[in-house]
Amino acid sequence: MRKRRIAILGSTGSIGRQALDVIAQHPDMFEVELLTANNSSELLIEQAVRFNANSVVIRNEDKYEEVSKALEPHYIKVFAGMQSICDLVAGDNIDIVLTAMVGFSGLESTVAAIRAGKTIALANKETLVAAGEIVMGLAEKHNAVILPVDSEHSAIFQCLQGSHGAEIEKIHLTASGGPFREWTREDIARASAAMALKHPKWTMGSKITIDSATMMNKGLEIIEAKWLFGVDASKINVVVHPQSIIHSMVEFADGAVIAQLGHPDMREPIQYALAYPERLSLSNRKIDFAELASLSFYAPDMEKFPAIGIAFDALEKGGNMPCIMNAANEAAVAAYLQDRIGFYDITGVVCECMAGVDFVGKPDLDAIFRTNEEAYAKASEIIGKISSVR
């Protein structure tokens, strides 16, 4: 059997590193063709040499010479910039593109891979949040398969494998509740970024960890689920499950609920997407049900965590509104990580942008890119005013 040839966009991030661990455990099944990074040149060089990548791209063109010089003795081709990524993912030497870039920046390269008819292992939820209808339409047009890597959406996808096409009654997205689940609203309001980065269950990048603390991450997942599984927003439910053992559930018309379980480990959904429809062995912790003792579930507190309601509002409005929400959130999270704004200012900035940026009911891809720029600029303006009085 020919090895599956993998491109990892964002190989130096959390998902990218774990994907390479999966590949290292199964060298007979996978080979690395392309690795990309934004700024982490040293780690990119190390990964490229270890996995004998065919090509690498460093997005920061200022670091091209450093990477090129280091990899020249290894005969690894080196490129720079986003356009290089878009060109290379379309190559005949790539079978699967794992999109693990952070935020809106993943959209352009994901679209390029879809237009080339590649199988997409999608770890960049913002792609479908910002341009879900467009992206899914392109995937259908170009016969590109999109396999979810987010643990929740992978769980739903796995649950549906045994449904034989039965209509979904409801999707139950589980959430850990983040580090502030048991805090009062007053204490959460005073929480620093350092506190928010202490996730109780998952080890992730800083942006997604803050999104988990605000529960905007779950809001993004609501929108992503709508496009991945073709369900109405009324069929998507969020339930807080602090143990993070059940990664999501699907309910059917007869009341039966199928759930996917596992310890919090992103390597499991990564391997499922890369190896689909096979399942591979992993050096991960397995569940001991006697040890679990109990699993608990709660409705999310929408007053303490308004991001979920904001996401449902954006989804109901449609058009470019989810893109506005996503861009404003990216800007606000970056500002919060720099201690320029407070915790609840994040959702405040998002709401103000959703009310203040021009709405487009039927955006094309160019309109989505313009919306992202406009919303980010608007958010930056609002953040500047907040930070000036802090």
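In this predicted model, the charged end of Arg185 sits over the ring of Tyr344, at 4.0 Å from the ring centre. Tyr344 also belongs to a cluster in which ring pairs link it with Phe180, Trp183, Tyr336 and Phe343.

**Aromatic pairs**

Across the whole structure, a search finds eight aromatic pairs. A pair of this kind is described by the distance of the ring centres and the angle of the planes. Two of the pairs are set out below.

| Pair | Centre to centre | Angle between planes | Geometry |
|---|---|---|---|
| Phe104 and Phe369 | 5.3 Å | 80° | edge-to-face |
| Phe157 and Tyr272 | 6.2 Å | 70° | edge-to-face |

Phe104 is found in the loop between strand E5 (96–99) and helix H5 (106–115), whereas Phe369 belongs to helix H17 (residues 365–388), so their pairing ties together parts that are 265 residues apart in sequence. Phe104 is buried, with a relative accessible area of 8%, while Phe369 is partly exposed, with a relative accessible area of 28%.

In the pair of Phe157 and Tyr272, Phe157 comes from helix H7 (residues 151–160) and Tyr272 from helix H12 (residues 267–275), so this pair ties together parts that are 115 residues apart in sequence. Both Phe157 and Tyr272 are buried.

In soluble globular proteins, nonpolar side chains tend to be buried together. The largest nonpolar core of this model has 130 residues, and the members that touch the most others are Ile23, Phe30, Leu35, Val56, Phe229, Met325 and Tyr336. Helix H15 gives the most to this core, with 11 residues.

Once its neighbours within four places in sequence are left aside, Phe229 is in contact with His153, Ile156, Phe157, Leu160, Ile168 and Ile171. Phe157, one of these contacts of Phe229, is the residue that forms the edge-to-face pair with Tyr272. Tyr336, for its part, is named both among the core members that touch the most others and in the cluster of linked rings.

**Packing of H14 against H15**

Helix H14 (residues 307–317) packs with helix H15 (residues 321–337) at an angle of about 145°, and their axes are 7 Å apart. On the H14 side the contact is made by Ile310, Ala311, Ala314 and Lys317, and on the H15 side by Met321, Pro322 and Met325. These contact residues divide into six nonpolar, no polar and one charged. Met325, which takes part in this helix contact, is also among the core residues that touch the most other members.

Technical notes: Residues are numbered from 1 along each chain as its sequence is written. Side-chain values use heavy atoms; hydrogens and water are left out. Axes are lines fitted to C-alpha atoms, for helices over the stretch in contact, and angles run from 0 to 180 degrees between N-to-C directions. Helices (H or I, at least four residues) and strands (E, at least two) are DSSP runs, numbered from the N terminus. Contact means heavy atoms within 4.5 Å. Ala, Val, Leu, Ile, Met, Phe, Trp, Tyr, Cys and Pro count as nonpolar, Asp, Glu, Lys and Arg as charged, and the others, Gly among them, as polar. Rings of Phe, Tyr and Trp (its six-membered ring) pair if their centres lie within 6.5 Å; planes under 30 degrees apart count as stacked, over 60 as edge-to-face and the rest as tilted. Buried means under 20% relative accessible area, exposed over 50%, partly exposed in between (1.4 Å probe, protein chains only). A charge sits over a ring if NZ of Lys or CZ of Arg is within 6 Å of the ring centre and within 35 degrees of the ring normal. A nonpolar core is a set of buried Ala, Val, Leu, Ile, Met, Phe, Trp, Tyr and Cys residues joined through side-chain atoms within 4.5 Å.
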